[in-house]
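Welcome! Here is a short briefing to read with the sequence and the 3D view side by side. Take your time and find each residue as it comes up.

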Amino acid sequence: MIAPDPAESGRLRLLSYNIRHCRGTDGRIAPDRVARVVAATGADIVALQEVDVGRTRTGGLDQAEEIARRVGMSAHFHPALHLAEERYGDALLTRLPSRLRRAAPLPGLLRRPGLEPRGALWVEVTAGAARLQVINTHFGLLGAERVAQAEALLGPDWLGDPACAEPVVLLGDFNATAWSRAYRRLNRRLTDARRLAGRRRGRGEATFPSRFPLLRIDHVFVSDRIAVERIAVVNTALARQASDHLPLLAEIRIGA
């Protein structure tokens, strides 16, 4: 007897993971280790941040394609930073049918032109009868910068686009706690998956730094028509070593 595909029933696992260009807490660059962390979660959709493609510092490897190959997925990539042939940015991996809807930079601050460029990646994923809109992003380090980036995502090019219809998931490394202005603005439009999963603030929620997690700055936000059945930080020995962030796993059900 063939087991039913979870995607056909609207049940999906999504993972958000800042991989720090696969440089672990031991200083070793190891895409295979990151891939093993991802594979162990059984995720259907994986949002990666800080991904190197063709960069000298990581041996010229296309990390998005390499990790996708190792976990049996296809990859979409957006370079927030592009220097000659070297690229660095965000990727979205999935084994489900998908198409890229938008990949573009997010605003910085005019008075601070030297800030690291940031971007977002919007992919439509087909899961059974549903078309899930998934946006992966990585916000900046300054509060005003993050607010500008949140406003951009709430605007007509992203969440305000008529094509970005529910169900929608926004996830990534927001560099923002639940008390920040950027988080609060996003939480007015979407809902923090932790709240829908019935999780209260407490131990076991932090994702950074991986060796001794103190900050909850990686988030999953969902729209209506999505039930959150579980959300968890992947705090295994391998995950604590593979990157300076721990992955955040959300199990959702579409159509609720």
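This is a predicted model: local features need pLDDT of at least 70, side-chain atom pairs count only at pLDDT 80 or more; totals for chains, interfaces and linings use all residues.

**R11 and its partner**
- R11 makes a salt bridge with E229, and their closest N and O atoms are 3.2 Å apart.
- This pair ties together distant parts of the chain, because R11 sits in strand β1 and E229 in strand β11 (residues 226–233), 218 residues apart.
- Is E229 buried or exposed, or something in between? With a relative accessibility of 37%, E229 counts as partly exposed.

- D244 is buried, at a relative accessible area of 16%, whereas R20 is partly exposed at 22%.

**A pair within one helix**
- R70 forms a salt bridge with E66, and the closest N and O atoms are 2.8 Å apart.
- Both residues belong to helix α2; they are 4 residues apart, so about one helical turn separates them.
- R70 is partly exposed, with a relative accessible area of 44%, while E66 counts as buried at 16%.
- How many salt bridges does a search of the whole structure find? The search finds 21.

**Helix α1 and its cover**
- Helix α1 covers residues 31–41, and its buried residues are P31, R33, V34, A35, V37, V38 and T41.
- What covers these buried residues of α1? The cover includes the strands β1 (11–18), β2 (45–53) and β12 (248–254), along with the helices α2 (63–71) and α6 (237–242).
- After α1 comes G42, which has a positive phi near 70°.

**A look at A148**
- A148 is found in helix α3, which runs over residues 143–154.
- A148 is partly exposed, with a relative accessible area of 23%.
- Setting aside neighbours within four places in sequence, A148 is in contact with P107 and G108.
- From A148 to A197 the distance is 28 Å, C-alpha to C-alpha, and they are 49 residues apart in sequence.

**The whole chain**
- The protein chain has 6 helices and 12 strands.
- Its radius of gyration is 17 Å, close to the 18 Å that the globule rule gives for 256 residues, so the chain is as compact as a globular protein of that length.
- Along the principal axes, the C-alpha atoms fill a box of roughly 45 × 45 × 35 Å.
- Of the 256 residues, 53% are buried.
- Among contacts with a separation of 6 or more, 71% are between residues 24 or more positions apart.
- The accessible surface is about 11300 Å², and carbon and sulfur atoms account for 51% of it.
- There are 38 positive and 28 negative side chains, and the centres of these two sets lie 6 Å apart.

Methods: Residues are numbered from 1 along each chain as its sequence is written. Side-chain values use heavy atoms; hydrogens and water are left out. Helices (H or I, at least four residues) and strands (E, at least two) are DSSP runs, numbered from the N terminus. The radius of gyration is taken over C-alpha atoms; the globule rule is 2.2 Å times the number of residues to the power 0.38. Buried means under 20% relative accessible area, exposed over 50%, partly exposed in between (1.4 Å probe, protein chains only). Contact means heavy atoms within 4.5 Å. Accessible areas come from the Shrake-Rupley method with a 1.4 Å probe; for residues, only the protein chains shown count as cover. Lys and Arg count as positive and Asp and Glu as negative; His and the chain ends are not counted. The place of a charge is taken as NZ of Lys, CZ of Arg, CG of Asp or CD of Glu. A salt bridge is a side-chain nitrogen of Lys or Arg within 4 Å of a carboxyl oxygen of Asp or Glu.
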